[in-house]
Amino acid sequence: MDAEKKLVKGPLALYEQMRLKIVELIEERRLRPHDPLPSEVELAALFGVSTRTSKEALAALAKEGIVYRMPRRGTFLSETPDGGSRSVGVALKLALVLPAIDDYTGKIVEAAIRAGKRQGADISLHISGGEPEKEEEMIKEAASMPEIGGMIWFPGQRKACSNEVLRLHLFRFPIVIVDRAFREIDITSVSHDHYQGAYDMTSWLIDQGHRQIGFITEDIEGIMSWEERYHGYLQALLDRGIPFSKPLSYICADASDADEGRRRSELRAFLSEHPEMSAVFCANDLLANLAINTCVRAGIDVPGRLSVAGFTDSSAAIRAIVPITTIRKPPGPLGEAAVSLLMQRIRDPEHTPPSVQHPTTLIVRESVKCYAGRS
């Protein structure tokens with residue numbers, strides 16, 4: 001079975017990986033409420049970890065209410081959140097949970113509302129303000145409302161799946177994740193093809209004559225979409241015979257952890273240390289805008305001396321001092337598809353629709369210059 005794979009050290013702690021694998025095991029074995037789970041010893045042997053790790057994973061699941069434990073008897077699957085099946089009435093509502101409303105998420109919401117109306121469902125907005133604990137409570141509360149038949153969750157920059165989303169998924173509550181996906185758990189999602197978008201941008205930069213192409217990002221660990229952008233960049237270099245230079249990959253300080261002045265200063269040092277670069281591909285438009293502003297302050301001509309490319313096609317790309325060449329990932333289709341997938345799930349509870357990836361588009365503006373013939 002897919003769930004029965006040995007665990008290895010990685011971005012997620014072993015007990016966290018195991019917690020997710022136990023959930024997969026419950027699903028694969030189709031356990032029902034009050035069915036017993038394998039013991040700590042059995043789980044440890046199954047996944048190649050210590051009994052301490054299996055004990056921590058089961059304790060975490062018990063704390064979330066997914067399982068309950070009885071001394072000397074073992075661990076058992078808990079009841080569903082509402083104690084039984086959920087009925088979907090005429091006044092069906094779909095909960096849309098997200099951290100904030102901005103240009104990008106606002107278009108997702110608008111598209112979801114339109115799609116919901118066409119399918120006879122209202123959208124109930126739940127905005128967490130980016131506070132994980134508040135979001136967990138919000139998700140739990142929304143799912144308990146009788147009129148809520150399913151949920152669309154926008155994770156933002158979270159590096160791990162919400163515990164409450166995981167719990168609801170385990171109890172087969174209809175959920176669709178929008179704009180992200182998590183490798184750790186198979187929940188239907190709708191997102192963009194970040195890998196292909198980054199591959200296309202890097203290939204296009206090579207076609208413009210660039211050979212020394214840098215990559216600027218914030219910490220990508222645990223954020224699948226950003227990892228895919230980096231992998232697309234690397235693969236395009238490999239396929240076109242361009243040697244990869246690790247020093248040209250730069251991890252910028254996260255905006256929430258550093259002031260703008262520090263970020264600009266560190267980025268300026270990176271650019272100064274690598275005069276051989278003719279272009280930099282930034283993981284998002286905000287970083288591309290930061291790179292352009294840093295270049296302007298340092299007297300580096302964009303695109304004459306350095307070309308800068310971004311990803312997303314946000315308002316920052318259009319309003320930048322030098323309008324940014326970027327990868328457009330239109331948000332509207334995500335809202336439309338999320339509602340469609342969720343309604344499929346609600347109407348046919350036994351069928352889980354596959355995840356969907358939407359294509360991206362290269363948008364050419366003034367921030368990249370052709371250097372044909374440059375080695």
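Modeller: Here is the sheet, strand by strand, and then its helices. The model is predicted, so to speak of local features we need pLDDT of at least 70, and side-chain atom pairs count only at pLDDT 80 or more, while totals for chains, interfaces and linings use all residues. Residues are numbered from 1 along each chain as its sequence is written, and side-chain values use heavy atoms, without hydrogens and water.

Four strands make up the open sheet. Their order is β9-β8-β10-β11, and the pairing is parallel. Strands here are DSSP runs of E with at least two residues, and helices are runs of H or I with at least four, numbered from the N terminus. Two strands pair if DSSP finds at least two bridges between them. β9 (249-251) and β11 (307-309) are the edges; each has a single partner strand, so one side of each lacks a neighbour in the sheet. From one strand to the next, the twist averages 20 degrees. Angles run from 0 to 180 degrees between N-to-C directions, with axes fitted to C-alpha atoms, for helices over the stretch in contact.

Now look at β8 (residues 213-217). 3 bridges join β8 to β9, and the two run parallel. Phe215 stands opposite Ser249 in β9.

Next, the helices. α7 (residues 194-207) packs on the sheet and touches β8, β10 (279-282) and β11. Contact means heavy atoms within 4.5 Å. The direction of α7 makes about 170 degrees with that of β10. α8 (residues 224-239) lies across β8, β9 and β10. α8 runs at about 175 degrees to β8.
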